[in-house]
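Subject: A structure for you to look at

Hello! Here is the structure I promised to pass on to you. Please open it next to this email and follow along as you read.

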Amino acid sequence: MKRLILATLVVFAAMPALACETVRVGDIEVEHAWSRATIGADRPGVVYLSIRNTGSTDDALIGVATPISGMPMLHETVVSDGIASMPHTMSMPVPAGQTAALAPGGFHGMLMGLTQALKKGDSFPLTLTFETAGDVTVTVDVLGMGAKEAECPDAQP
C-alpha cells in the first residue's frame, strides 16, 4: 500500500514538469503554454505561451488550432488614445535569435466558440502553425481566472 501511495505521489509531482516541457520543431521552441479558466463555454478563452527562434532565419506564427474552440485566432492588444482593442491579426513575427510571446497585453491566442468551459486543472492541445517551421502541438494548462503567468519554475511574463 505504501508503494502505491508513493508511486501516485511521484506521478502527480511529475505532472507540472511535463506541462512545462519545451516542444521543438525545427528552430522553434515553444514553452509555458497556459490559459485561464472561463466562466462558461459562451465566453472566449485565451492562450499565452513563449516562442524562441534559435535559428538564423526569421519565422512567423500564422495560425492556431484546437479542438476545444470553433474559432481560434491570433489577436493583438492595441492601445490608441488610451483605449485598448484586440483586433484579429494574421501573424506574429518570431525574429531569428529572439523570443516572442503570446502574453497578456500583447499578442495572444483567442479561443472563440468554446466547446466547453475551461476549468482550472484541465489541459487541452493547441497546434501552432509557423510560416517556415510548420506545425507544432503543445499542451495548454488551464490555470485559475486570476492567473498572470505560467506555473512553471522558470516561467517569465
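Strands themselves are DSSP runs (E, at least two residues), numbered from the N terminus.

Before the findings, a word on where they come from. This is a predicted model, in which local features need pLDDT of at least 70 and side-chain atom pairs count only at pLDDT 80 or more, while totals for chains, interfaces and linings use all residues. Residues are numbered from 1 along each chain as its sequence is written, and side-chain values use heavy atoms, with hydrogens and water left out.

Which residues of β11 make up its covered face, and which its uncovered one? Phe-124, Leu-126, Leu-128 and Phe-130 are on the covered face, whereas Ser-123, Pro-125, Thr-127 and Thr-129 are on the uncovered one.

**The nonpolar cores**

In soluble globular proteins, nonpolar side chains tend to be buried together. Buried means under 20% relative accessible area, exposed means over 50%, and partly exposed is in between (1.4 Å probe, protein chains only). A nonpolar core is a set of buried Ala, Val, Leu, Ile, Met, Phe, Trp, Tyr and Cys residues joined through side-chain atoms within 4.5 Å.

The largest nonpolar core here has 28 residues, and those with the most contacts inside it are Val-30, Leu-49, Ile-51, Leu-128 and Phe-130. At least two residues of this core come from each of β2, β3, β4 (59-65), β8 (92-94), β9 (99-102), β10 (107-114), β11 (123-130) and β12 (134-143). There is also a second, separate core of 9 residues, which includes Trp-34, Met-110, Leu-143 and Cys-152.

Leaving aside residues up to four places away in sequence, Leu-128 touches Val-30, Leu-49, Leu-61, Gly-63, Val-64, Gly-134, Asp-135 and Val-136. Contact here means heavy atoms within 4.5 Å.

**A salt-bridge network**

How many salt bridges does a search of the whole structure find? It finds 3, where a salt bridge is a side-chain nitrogen of Lys or Arg within 4 Å of a carboxyl oxygen of Asp or Glu.

Arg-24 forms a salt bridge with Glu-29, with the closest N and O atoms 3.1 Å apart. Arg-24 is exposed, at a relative accessible area of 55%, while Glu-29 is buried, at 12%. Glu-29 also meets Arg-52 in a salt bridge, at 2.7 Å from N to O. Since Arg-52 lies in strand β3 (residues 45-53) and Glu-29 in strand β2 (residues 28-36), this pair ties together parts that are 23 residues apart in sequence. Arg-52 counts as partly exposed, with 28% relative accessibility.

The side chain of Arg-52 meets that of Glu-31 in a salt bridge too, at 3.4 Å from N to O. Glu-31 counts as buried at 11% relative accessibility. Through shared partners, these salt bridges join Arg-24, Glu-29, Glu-31 and Arg-52 into one network.

Ser-35 is found in strand β2 and counts as buried, at 0% relative accessibility. Its side chain reaches the backbone oxygen of Val-46 at 2.4 Å.

Finally, the structure holds 1 aromatic pair. The ring centres of Trp-34 and Tyr-48 are 4.7 Å apart and the planes are at 45°, so the pair is tilted. For reference, rings of Phe, Tyr and Trp (its six-membered ring) pair if their centres lie within 6.5 Å; planes under 30 degrees apart count as stacked, over 60 as edge-to-face and the rest as tilted. Trp-34 counts as buried at 5% relative accessibility, and Tyr-48 counts as buried at 6%.

Enjoy exploring, and write back whenever you like!

Definitions and conventions
Helix = DSSP H or I, 4+ residues; strand = E, 2+ residues; numbered from the N terminus. Polar contact = N/O pair within 3.5 Å; in protein donor to acceptor, adjacent residues only side chain to side chain.
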